[in-house]
Amino acid sequence: MNTIDIKEKKFNKLITVVSIIVPLVVVVLFNVRIPNVAPLSFLPPIYASINGLTALLLIVAVIAILKGNRKLHQRIMTTCIALSLVFLLMYIAYHMTSDPTKFGDEGGLKYIYYFILITHIALSIAIIPLVLKTYAKAYLGNFESHRKLAKITFPIWLYVAITGVIVYLMISPYYTH
């Protein structure tokens, strides 16, 4: 086994741990309310905007790599990962200070909303190991495997980012302040 294979094996163990721990921590913290703290009601439009910016940057990153600008692509993808982390921290902070918001429409729009929400949540969990493995492959210089995995990771991550904005826009009329 060569050095890169050993490093990739270590990365994969770490990625597996992170991919399990992050959703579990989110679920636990989602059900914790910090007492005597005002709801952080200003956060949802900010983290929805972060999702929108992430979607835009993902597209720009693909354009950069298609034009052969590997350095710009790398910087943008690193930024997308950082934005995702900032989103996650804000999302947790909001839900630790606020009661859940229920979707208020009773018509057919409700089913569309819940379909988008459920697929968004499921894929936001699935995207964690995909992003980390795709990034690790590039970091280790395994660009052929990186490209193959990125063809799966990119559309899922883009869907998660875009549907994050859509979910916010659909639920925002029902937020209580």
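Which residues do ring pairs link into a cluster? Select Phe 30, Tyr 47, Phe 87, Tyr 91 and Tyr 94, and you have it on screen.

Before going further, some ground rules. You're looking at a predicted model, where local features need pLDDT of at least 70, side-chain atom pairs count only at pLDDT 80 or more, and totals for chains, interfaces and linings use all residues. Residues are numbered from 1 along each chain as its sequence is written, and side-chain values use heavy atoms, with hydrogens and water left out.

**Stop 1: the rings**

Rings of Phe, Tyr and Trp (its six-membered ring) pair if their centres lie within 6.5 Å; planes under 30 degrees apart count as stacked, over 60 as edge-to-face and the rest as tilted. By this rule the count comes to ten aromatic pairs. Zoom in on Phe 30 and Tyr 91: their ring centres are 5.9 Å apart and their planes sit at 25 degrees, so this pair is stacked. Phe 30 belongs to helix 1 and Tyr 91 to helix 3 (residues 70-97), so the pair ties together parts 61 residues apart in sequence. (Helices here are DSSP runs of H or I, at least four residues, and are numbered from the N terminus.)

Phe 87 is buried at 16%, while Phe 30 is partly exposed at 28%.

**Stop 2: the salt bridges**

A salt bridge needs a side-chain nitrogen of Lys or Arg within 4 Å of a carboxyl oxygen of Asp or Glu, and the count is four. Pick Lys 137 and Glu 8, whose side chains meet at 2.4 Å, N to O. Lys 137 is in helix 4 (residues 109-139) and Glu 8 in helix 1, so this bridge ties together parts 129 residues apart in sequence. Are these two buried or exposed? Lys 137 is buried at 15%, and Glu 8 is buried at 14%.

Next, select Asp 99 and Arg 33, a salt bridge with its closest N and O atoms 3.8 Å apart. Asp 99 is exposed at 60%, whereas Arg 33 is partly exposed at 31%.

**Last stop: helix 1**

Finish with Lys 13, found in helix 1 (residues 3-30) and exposed at 57%.

Notes:
Helices (H or I, at least four residues) and strands (E, at least two) are DSSP runs, numbered from the N terminus. Buried means under 20% relative accessible area, exposed over 50%, partly exposed in between (1.4 Å probe, protein chains only).
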